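Please examine the structure shown below.

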Amino acid sequence: MKLRIIKIFFLALICFNVSGQTAPDNFKNPILSGFYPDPSICRVGDTYYMVNSSFEWFPGLPIHKSKDLVNWKLIGYGLSKSTQINYPDGLGNSQGIFAPTIRHHNGTFYIICTMVGGDGNFIITAKDPSNSWSDPIWIEDAPGIDPSLFWDDDGKCYYTGAGIVDNSQNKWPGKNGVWMQEINPDKGELIGKKKQLTYGHASNARWAEGPHIYKIENEYILLIGEGGTGEYHAVTVFNSVNIWGPYIPNHANPVMTHRHLGKDYPIQQTGHADLVQTQKGEWWSVMLAKRQVDGFTTLARETFLAKVEMTNQESGVTPIFNPGKGLLQFEQKRPELPWSPVPKINELDEFEGEGLGLEWNFLRSLKEIWYKQKDGQIQIQGRRETVAEFVNPSFIAQRTRHLNYEASTSLSFKTKKENEKAGLVIYRRHGNHYQLLKTKDKLVLLKTLQEENKGEFEPQVVVSIPYNKESVVFSVKVDGINAQFYYGENKLDLKPIGKAQDYTIVADEITQKFNGVYVGMYVTSSGKKSKKTALFDWFMYQGVE
């Protein structure tokens, strides 16, 4: 009853915020917090659409929409059906869906991207970006990653991708490039010859990737990411008067980077940008970057927004990012667009609807439906699979979205077998996670840390206490780089289990991977066949100021 009152309060608060909010002068970065890397954006009329990488998480390719470039609503996924694409067992950490591009042409939305660990590069299409995306159209003979599409004024479409097609690899460490070829995007057929456009803006440039072409003031602008998605990440620009080049490095390069600011600067590793022009003629850019807390990145790569001014310089059309600053800002003047707030993501989920909320994700493809939402509960089947394997475990989770947060859930679970377990999990990769589990007659907090991301590993029992009741509430409070776990018979009477734990085991600096941190509900029978299920009455996730 108390939880229902809390939910009503939250709904009232949301309605007040949406209807009564005064338009602010400034906006705050990031515009998408948490695991939202490799953003790509397009505009249709007065509405903006954005897509991000999702790697091994399903559904894949989260799609947001906005009216003002600041307030974004998750409307669906490009890959929402198991029949579209298979994320197979064995798909490793940070494999899967890489660096998409979203574009709109003649009434159709196109997303082009890469399935690493699968069949390569593909295109999906839709008339309505919130649902009904097509099955992938796989593109033959398209090596590399990070593909993009560009339609020229004559209607021809061009594919650009990251890779080397002229056999000039390995001339220096990290050498990569950007190539182009004409394409029929509706059939996924490449036309004519490939052409290498660049290897980066300098003679020893590393990891040229994430290309996008734009036509601005009758010039072709090639925007790419360089330096690898780490400390030396950057955005660079190339100019050409012809679609086929040559693409000349702009003298202003890199046009956006924080690589020169040192490891203590609060916004790190900026890059992988895309550009959009508003209906009022302004230019803005979305890109990825990282925030640190106590020297660690616990929210992975997030999506930031920057103002762009198109100037004419010696090199030609030159985008100036955040004029007068040249850096990403935590707060700055917002776009000249109608302020359009959207409802907050529900903090409390009581599983009352017909399907799961859009914020919930799974690891890899579901081969069978092993959960059921009914009568205000979600029932999850215990299966052999575990979160310590490259499989699809019985784990339903959502992105963490705050540097400090609390996640809680109410669990009913009873078993006579030691191998059957259920509870709350914080997960980054198969070798880096925390599990707070209810077992046969105990509550157990497990820590898993795979040293240097290689070799064998075993979960470490942090603390184990006797517990014989059928129901329990689990909770975790994350404060920067510390995580304190709790348990109790109800939400209002929680006790700590063990001491505060080291949350850096899921940080970028330890995991060294592209994906992000998730928290959610988990059931397993630890490698043995089982028919045991666990019931979760509610799940709450909320940021803590």
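Q: With which residues is Lys-195 in contact, leaving aside its neighbours within four places in sequence?
A: This is a predicted model, in which local features need pLDDT of at least 70, side-chain atom pairs count only at pLDDT 80 or more, and totals for chains, interfaces and linings use all residues. Residues are numbered from 1 along each chain as its sequence is written, and side-chain values use heavy atoms, with hydrogens and water left out. Contact means heavy atoms within 4.5 Å. Beyond those neighbours, the contacts of Lys-195 are Val-165, Val-178, Trp-179, Met-180 and Trp-244.

Q: Is Lys-195 buried, partly exposed or exposed?
A: Buried means under 20% relative accessible area, exposed over 50%, and partly exposed in between (1.4 Å probe, protein chains only). Because its relative accessibility is 34%, Lys-195 counts as partly exposed.

Q: Which backbone oxygen does the side chain of Lys-195 reach?
A: Lys-195 is found in strand E14, residues 189-198, where a strand is a DSSP run (E, at least two residues) numbered from the N terminus. At 2.8 Å, its side chain reaches the backbone oxygen of Trp-244.

Q: Which strand gives the most to the lining of the second largest pocket?
A: With 3 residues, the one that gives the most is E20.

How values were computed:
Helices (H or I, at least four residues) and strands (E, at least two) are DSSP runs, numbered from the N terminus. A polar contact is a pair of N or O atoms within 3.5 Å; within protein, one must be able to donate a hydrogen and the other to accept it, and residues adjacent in sequence count only if both atoms are side-chain atoms.
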